[in-house]
Amino acid sequence: MQQAEIAKLLAGADDPGLFSAAAALTRENFGDEVYLRGVVEFSNHCRNNCRYCGLRVANTAVHRYRLSVEDVIACAGLARELSIGTIVIQSGDDFHYTRHDIARIVVEAKARADVAVTLSLGDRADDELLFWREHGADRYLLKVETFDEALYAQSRPGLTLADRLARLETLRRAGYEVGSGVITDLPGMTPEILANDLVRLAELDLDMIAVGPFVPHPATPYGDAPAGSILAAFRAMAVLRLLSPLANIPSTSALNALRDGAREQGLTLGANVVMPSLTPETVSPDYAIYPGKNAFRADARSRVEAAREAIRRVGRMPSTAVGGSKRRRHV
Ligand code: SAM
Ligand code: SF4
């Protein structure tokens, strides 16, 4: 699909057709199954200053926390107990945890709970990424946020798109299943930028692609910017399904932060993954990358059950499978 055609679909030229084609392709490749990933948000410390994110270092209002390595490993045990096949270990860019800390989490989570481990730790050094892969980490999620160089630099001060893309290449060479994605309606994003972002995401031939709408956080420079459109995010997800039929595409929690129920709707137009938080409820409200994130105050068990109910409500089946990349098995 050419960029001009994508731009038309993003503008709503064929909504019912786009959504039903994406849903049919998802069903063809994944059946009714929806994979669950348990997200362990183990630290909200971050050294970066992304203009969109509530965890940015300049936000002194946020109460910062760090879970111990043992606590993170215990969350992996909980994932196993709840029949979740993958855990996503996520944090701000927090270099307090050494390469050995993260390696211990990977090794022990896999040994004790037999789960696939996705890391989402931000911009760590290449040799650390290789080290964790050697210790058994399966996947890495690193969203590029946008492929527009100027918008990237504006949104992530001091960081460069070239560096982010080079890191994605390192991850692929190291043998990770690689996930990336963009934020739709990021302040400064034009329809042309988004259309190009989707083309570039598809060209990366990713194992996982996450698109979520921008959600304004009042304690950031973008606090007064308008929230992203849910419909625009849905169109982007559906286009990505057409471009990348075998990719794992989550229906993100950012959708639900904007409208309760939007996450389950995303499962009807191309998404095949849901990522409930396994973060202990004592700290989960502080992982406030945007308002509404982890607003559902409940223990991890109830959050997972709520995600399973939401999946069933739209006629799909919560899967207990590890849900590895189908793209790899077919290349
Ligand atoms: N620090 C790591 C990084 O940035 O890659 C991982 C954690 S970061 C909180 C995870 C994702 O949150 C980012 O990739 C970004 O897309 C998303 N995010 C942060 N602030 C957001 C906002 N206000 N609206 C939508 N998504 C946001
Ligand atoms: Fe830090 Fe990630 Fe938030 Fe940027 S998006 S401030 S790197 S947690």
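A polar contact is a pair of N or O atoms within 3.5 Å. The views below come from a predicted model.

**View 1. Glu145 makes a polar contact with ligand 1.** A polar side-chain atom of Glu145 lies 2.6 Å from an oxygen atom of the ligand. That distance falls within the 3.5 Å cut-off.

**View 2. Asp93 and Val215 each approach a nitrogen atom of ligand 1.** Asp93 uses a polar side-chain atom, at 2.8 Å. Val215 uses a backbone N or O atom, also at 2.8 Å. How much of the ligand does the protein bury? Taken alone, ligand 1 exposes 560 Å², and the protein buries 93% of that.

**View 3. A shell of 19 residues surrounds ligand 1.** The closest are Tyr52, Asp93, Lys143, Glu145 and Val215. Which kinds of residue form the shell? It divides into 9 nonpolar, 5 polar and 5 charged residues.

**View 4. Ligand 1 takes up the space of the largest cavity.** Glu145, Arg156 and Arg164 are among the residues that line this cavity.

**View 5. Three residues carry a "binding site" annotation in UniProt.** The unreviewed entry gives this label to Glu145, Arg156 and Arg164. They are spread over 20 residues of sequence, yet they cluster in space. The largest C-alpha distance in the set is 11.0 Å.

**View 6. Arg156 sits in a loop between two helices.**

Key:
Residues numbered from 1 in each chain as written. Chains lettered and ligands numbered in written order. Predicted model: local features only at pLDDT ≥ 70, side-chain atom pairs only at ≥ 80, totals over all residues. Heavy atoms only, no water. Near = heavy atom within 4 Å. Polar contact = N/O pair within 3.5 Å; in protein donor to acceptor, adjacent residues only side chain to side chain. Areas by Shrake-Rupley, 256 points an atom, 1.4 Å probe, with all protein chains shown as cover. 1 Å grid on protein atoms, 1.4 Å probe; cavity = no way out; pocket = protein on both sides within 12 Å on 5 of 7 lines; lining within 4 Å. Sits in = over half its atoms within 2 Å of the grid points. Nonpolar A, V, L, I, M, F, W, Y, C, P; charged D, E, K, R; others polar. UniProt positions renumbered as here; feature names shortened; annotations may be inferred. Helix = DSSP H or I, 4+ residues; strand = E, 2+ residues; numbered from the N terminus.
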